[in-house]
Amino acid sequence: MKLFTIVGARPQFIKAAAVSRAVAEAGGIDEAIIHTGQHYDANMSDIFFDELGIPAPARHLGIGGGSHGAMTGKMLESLEAAMMEDRPDAVLVYGDTNSTLAGALAASKLHIPIVHVEAGLRSFNRKMPEEINRVVADHLSVLLLSPTQTGVDNLKTEGLTKGVHAVGDVMHDATLYAIEQSKTRSTVMSDLELDGKDYAVCTLHRAENTDDVDRFARVIAFIEDQAKTRPVIFPVHPRTRKVMAERGIKPEGVVQIDPLGYFDLHRLLADSSLVLTDSGGLQKEAYFHRKPCITLRDETEWTETVGAGWNRLWTMDDWKSPRVDITDCGDGDAGAKTVAVIKDWFAAQK
Ligand code: UD1
């Protein structure tokens, strides 16, 4: 079976690492990784391939930057050409980025079956580009692999029940691996002189926050308020760095650093006392480390984390109590289950 895996943005490299490892272990699938180029800085892309041992991309399309429409359009054209040339039996897309959308659209035009990992997540906010991307990808896919029961329920509400499987969360697999590796392969604690200190970790990059001047100022004020009780370590996404430089924003009590590799990020999370973020992935990673998280958005796709008392929106006064475990994110075997579902599906086509 020939499988095209489409990746382009940081969270997709992490998810692909977990699944590609399982693909290699299972055998019988010839996987080609196609990198759209959406994320192109070394510390947003190459470092993840190196650290996580992701097979080198069979193709790198070099399409990063530009408006969403232009970016997605260029990807669509290049991905279609690649698919016409190599004729994969199926195309695997992850999550909700413009690379996901372009991969799903290109495959659907060529009648190539699509597998969507992280299917069924919904923020119910159609102003988010990610919400549009994930809804379209779900409705075009033949296999919808959901991390949670909530995802399965969301799909059912939209009439999607065929090909739906709850396989657990591949980010959980990735986190368990990173926690182990980061014990010996990270120097971040000594680099930042954090050993034995209390600190929070913050990331911020969503367009809904960065592109609205007033809102961004309010979010920064909120982060500064949190920084009054402990320093906030802030690996800054390139878009956010640009916006902060343009607007002359230098938050007090906040230690700005370059984006981190995966092992450094997890080492930092392991000893932190609070996570502040607008990222989807980090909300869950905070939970996997059992760290309280404040989500810097007005809604979240990861409602389970809020229900379990580990996460709250910044608009909420407090976390729900008591804190409990989330039971359906899998045992770190979501990658293996993903591959098993794909192989079963492929065998049934013959
Ligand atoms: C994308 C995803 C988002 C995901 C995030 C992870 C979409 C719509 N959004 O957002 O869901 O959470 O990735 O980080 O696909 N840039 C660089 N260097 C890089 C990468 C980006 O300078 O390596 C710049 C781009 O040129 C652009 C900006 O940062 O100006 C934003 O990048 P873009 O790929 O549009 O989306 P993200 O905000 O990263």
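Buried here means under 20% relative accessible area, exposed means over 50%, and partly exposed falls in between, with a 1.4 Å probe and protein chains only. The structure is a predicted model, in which local features need pLDDT of at least 70 and side-chain atom pairs count only at pLDDT 80 or more, while totals for chains, interfaces and linings use all residues. Residues are numbered from 1 along each chain as its sequence is written, and side-chain values use heavy atoms, with hydrogens and water left out.

The chain is divided into domain 1 (2-169 + 330-349) and domain 2 (174-328), with bounds from an automatic or database domain assignment. The C-alpha centres of the two domains lie 25 Å apart. Their contact (heavy atoms within 4.5 Å) takes 30 residues from domain 1 and 25 residues from domain 2.

The largest nonpolar core has 43 residues, of which M1, L52, L92 and Y262 touch the most other members. Such a core is a set of buried Ala, Val, Leu, Ile, Met, Phe, Trp, Tyr and Cys residues joined through side-chain atoms within 4.5 Å. Helix α1 (residues 10-26) gives the largest share of this core, eight residues. Because domain 1 and domain 2 both give residues to the core, it lies between them. Leaving aside neighbours within four places in sequence, L52 is in contact with F13, I14, A17, R21, Y177, Y262 and F263.

Helices are DSSP runs (H or I, at least four residues), numbered from the N terminus. With seven of its nine residues buried, α12 (residues 262-270) is therefore largely enclosed by the rest of the structure.

Helix α1 also packs against helix α7 (residues 170-185): their axes, lines fitted to C-alpha atoms over the stretch in contact, come within 8 Å and cross at roughly 85°. The two helices are therefore roughly perpendicular to each other, a label for angles of 65 to 115 degrees. On α1 the contact is made by I14, K15, A18, V19 and R21, and on α7 by V170, M171, D173, A174 and Y177. These residues divide into seven nonpolar, no polar and three charged, with Asp, Glu, Lys and Arg counted as charged.

R247 lies in helix α11 (residues 238-247) and, at 29% relative accessibility, counts as partly exposed. Beyond neighbours within four places in sequence, R247 is in contact with T210, D211, D212, V213 and F216. R247 and A217 are 30 residues apart in sequence and 9.7 Å apart in space, C-alpha to C-alpha.

Methods
Axes fitted to C-alpha atoms, helices over the stretch in contact; angles between N-to-C directions. Parallel < 35°, antiparallel > 145°, perpendicular 65-115°, else oblique.
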